[in-house]
Amino acid sequence: MNTSTLKELLQDWLADRCQVQVVIDSFRAYYRDSGLPEQFGRALEGILQRLESSLLFTEESCSFSKQDLANALGFWLEKAQAKLA
């Protein structure tokens, strides 16, 4: 999986065209296969844990804004790209 695919996946999730579990699994697979340092994995897991916690709510909660979580994943992805460049 590449970064452009992950960016598209985030957009699809924001538009309700894919399930959140697909996003979670895809980001974990990307990290696992990327060779990024462990600190990136810890940061990613923090975001993904919030994303998984958001599944417990049927509507957006002030703690789990879908847009904020997508922005956090997008920022993580930008930093990962820069590190790998």
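What is the handedness of the crossing of helix 3 and helix 4? In this predicted model, helix 3 and helix 4 cross in a left-handed manner. Helix 2 likewise passes helix 4 in a left-handed crossing. The largest nonpolar core contains 23 residues, and its largest share, 6 residues, is supplied by helix 4.

**Nonpolar core**
- Within the largest nonpolar core, the residues touching the most other members are Trp13, Val23, Phe27, Leu51, Leu73 and Trp76.
- At least two residues of this core come from each of helix 1 (3-14), helix 2 (20-34), helix 3 (38-54) and helix 4 (66-84).
- Neighbours within four places in sequence aside, Trp13 contacts Cys18, Gln19, Val20, Val23, Leu51, Lys66, Leu69 and Ala70.

**Helix 3 with helix 4**
- The two axes come within 10 Å and cross at roughly 160°.
- Because angles over 145 degrees count as roughly antiparallel, helix 3 is roughly antiparallel to helix 4.
- Helix 3 contributes Phe40, Ala43, Leu44, Ile47, Leu48, Arg50, Leu51 and Ser54 to the contact, and helix 4 contributes Leu69, Ala72, Leu73, Trp76, Lys79, Ala80 and Lys83.
- The residues of this contact comprise 11 nonpolar, 1 polar and 3 charged.

**Helix 2 with helix 4**
- The axes of helix 2 and helix 4 come within 12 Å, crossing at roughly 15°.
- This angle makes helix 2 roughly parallel to helix 4.
- Val23, Phe27, Tyr30, Tyr31 and Ser34 of helix 2 meet Leu73, Trp76, Leu77, Ala80 and Leu84 of helix 4.
- By class, the contact of helix 2 with helix 4 has 9 nonpolar residues, 1 polar residue and no charged residues.

Notes. Residues are numbered from 1 along each chain as its sequence is written. This is a predicted model: local features need pLDDT of at least 70, side-chain atom pairs count only at pLDDT 80 or more; totals for chains, interfaces and linings use all residues. Side-chain values use heavy atoms; hydrogens and water are left out. A nonpolar core is a set of buried Ala, Val, Leu, Ile, Met, Phe, Trp, Tyr and Cys residues joined through side-chain atoms within 4.5 Å. Buried means under 20% relative accessible area, exposed over 50%, partly exposed in between (1.4 Å probe, protein chains only). Helices (H or I, at least four residues) and strands (E, at least two) are DSSP runs, numbered from the N terminus. Contact means heavy atoms within 4.5 Å. Axes are lines fitted to C-alpha atoms, for helices over the stretch in contact, and angles run from 0 to 180 degrees between N-to-C directions. Angles under 35 degrees count as roughly parallel, over 145 as roughly antiparallel, 65 to 115 as roughly perpendicular and the rest as oblique. A crossing is left-handed if the near helix is turned anticlockwise from the far one by less than a right angle, and right-handed if clockwise. Ala, Val, Leu, Ile, Met, Phe, Trp, Tyr, Cys and Pro count as nonpolar, Asp, Glu, Lys and Arg as charged, and the others, Gly among them, as polar.
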